[in-house]
Amino acid sequence: MPSDPKFAKIRAVLDARRSQHLYRRTLLADSPQQPHMTINGQAMLTFCSNDYLGLANHPDVIRAFQQAANTYGVGSGAAHLVNGHSRPHQQLEEALAAFTGRDSALLFSTGYMANLGVANALLTSRHDVIYQDRLNHASLVDAGLLSGAKRVRYAHNDTTQLQVRLQAQTDPSVTQLIVTDGVFSMDGDVAPVTDLARVAQAHQAWLMVDDAHGFGVLGKTGAGLLEAHGLDQDSVPILMATLGKALGTAGAFVAGSRDLIEYLKQSARTWIYTTAQPPAVAAATLASLQLLETESWRREHLHDLIQQFRHGAAQLGLPLMPSDTAIQPLLIGSSEQTLALSQQLAQRGLLVTAIRPPTVPANTARLRITLSAAHSTADVERLLDALQQIHPTVPTTP
Ligand SMILES: Cc1ncc(COP(=O)(O)O)c(C=O)c1O
């Protein structure tokens, strides 16, 4: 109905999105997740995937998936607490707990659901408080909103400000939960986890680190940011990481003490009231985990590519951000300009996503370049060449 006001309202939002260069569209892939893809019918070299180790299309992972599908079928059929919890789920939880040096682990169907589940299980009163870094991922922000607890934000990575906020809270009956991205998803920098652990302990607050972008990539064995800083479950009681990024499959897990995990099984609604992930996905993730543990060359190669990119981009005077991780954004500022640059790269056969508000704060639109162990040094060279060609329109300051 053209005159129906509820449709007029959503059309106005769509029009505003278009005019502000904030409209988003899906692309259509006709190939597996890997650097060289067929997207919208065209050959593209992609620098936007979170498949940091190149495992999403690995033959061992595919084989494990197929074999488990032959044994267990496709759907899990029910929630974990009903009869949807099968042996691959159990084996994966045990393997993840051992790998991260925690007592136990609990599988969730997605990272988004894991974050919602933990916050809602721990924050049971509207007087409880959740403290968030200003640049936290949307799923952590939504976890705070859904919990109904008091929400307090602190400036990015500012533990001093966090401490001031915590000192304002004097009631010992209040549960306090500090949540932070480990590697910030749109910036690539890392949280000051050692300081956060100290501050959390001093205030008897829970600390939860979402290591979606660090797990598999950082740390001596790839166990993530907390491993890199030697932080055990006493220092950081809640570790959450996703499996759809460096591990190349899908889902997420929370790892911590036996009591924490048992408590989540009784209380985390996004775990209790949802169908378990397909057992074959868990079996595929077990194969990924094995590759992660045995093929350290993937992390080493990724690290070399990061150095290659940063060195080349610095020589070109590109607006790099302070990141040593696989996320290497170029900060542009204007959404319109970022979109135009992304389109110029696409014309050269390179796919780099233009990240714009509301995903990032106003006037901080960026090209989010991500690197993977599946890239070659020639791939990175090609990206740098293309950036050099469009360079005149890349500002050095946002
Ligand atoms: C930091 C962070 N946490 C959580 C998520 C959500 O994980 P999932 O994709 O498994 O829902 C993402 C991205 O997807 C993320 O970047």
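# Pockets, helices and backbone notes

The second largest pocket is lined by 17 residues, and Val-217, Leu-218, Gly-219, His-303 and Asp-324 are those nearest its centre. The model is predicted: local features need pLDDT of at least 70, side-chain atom pairs count only at pLDDT 80 or more, and totals for chains, interfaces and linings use all residues. Residues are numbered from 1 along each chain as its sequence is written, and side-chain values use heavy atoms, with hydrogens and water left out.

**Pocket and cavity**

- Pockets and cavities are sets of points on a 1 Å grid over the protein atoms alone: in a cavity a 1.4 Å probe fits but cannot get out, while a pocket is an open set with protein on both sides within 12 Å along at least five of seven lines; lining residues have an atom within 4 Å of a point.
- The second largest pocket has a volume of about 370 Å³, volume being the space filled by probe spheres set on the points, with grid points joined across faces, edges and corners.
- Its lining divides into six nonpolar, six polar and five charged residues (nonpolar: Ala, Val, Leu, Ile, Met, Phe, Trp, Tyr, Cys and Pro; charged: Asp, Glu, Lys and Arg; polar: the others, Gly among them).
- One cavity of 30 Å³ or more is counted, and the largest cavity has a volume of about 70 Å³.
- The residues lining the largest cavity are Gln-33, Gln-34, Pro-35, Thr-46, Phe-47, Cys-48, Ser-49, Asp-51, Thr-370, Ser-372, Ala-374 and His-375.
- By class, the lining of the largest cavity comprises four nonpolar, seven polar and one charged residues.

**Helix α4**

- Helix α4 covers residues 87-100, 14 residues in total, and spans 20 Å from its first C-alpha to its last, close to the 20 Å expected at 1.5 Å a residue (the expected span is 1.5 Å times one less than the number of residues). Helices (H or I, at least four residues) and strands (E, at least two) are DSSP runs, numbered from the N terminus.
- Pro-88, His-89, Leu-92, Glu-93, Leu-96, Ala-97, Phe-99 and Thr-100 of α4 are buried. These residues lie on the same side of α4 because they cover an arc of only 165° around the axis (an arc of the directions from the helix axis to the C-beta atoms). Buried means under 20% relative accessible area, exposed over 50%, and partly exposed in between, with a 1.4 Å probe and protein chains only.
- Exposed residues Arg-87 and Ala-98 sit on the face of α4 turned away from its buried side.
- The packing partners of the buried α4 residues are α2 (59-72), α3 (80-84), β3 (104-108), β8 (238-242), β9 (252-256) and α12 (279-294); contact means heavy atoms within 4.5 Å.

**Helix α2**

- Helix α2 has 14 residues and reaches 20 Å from first to last C-alpha, close to the 20 Å expected at 1.5 Å a residue.
- In α2, Val-61, Ala-64 and Ala-68 are buried. Seen down the axis of α2, its buried residues fall within an arc of 60°, so they line one face of the helix.
- The buried residues of α2 pack against α12.
- Gly-73 follows α2 and has a positive phi, near 80°.

- Leu-162 belongs to helix α7 (residues 159-167) and counts as buried because its relative accessibility is 0%.
- Apart from residues up to four places away in sequence, Leu-162 touches Tyr-131, Tyr-154, Ile-178, Leu-196 and Val-199.
- Leu-162 and Val-199 are 37 residues apart in sequence, and their C-alpha atoms are 8.2 Å apart in space.
- Ser-235 sits in the loop between α9 (225-228) and β8, and its 18% relative accessibility makes it count as buried.
- Leaving aside neighbours within four places in sequence, Ser-235 has contacts with Ala-197, Gln-201 and Leu-207.

**Backbone exceptions**

- Most residues other than glycine have a negative phi, and most peptide bonds are trans.
- Gln-204, in the loop between α8 (193-202) and β7 (206-210), has a positive phi near 50°. Gln-204 counts as exposed because its relative accessibility is 76%.
- Asn-363, in the loop between β12 and β13, has a positive phi near 65°. Asn-363 is exposed, with a relative accessible area of 62%.
- The peptide bond from Pro-357 to Pro-358 is cis, with omega near 10°. Pro-358 lies in the loop between β12 (353-355) and β13 (365-370).
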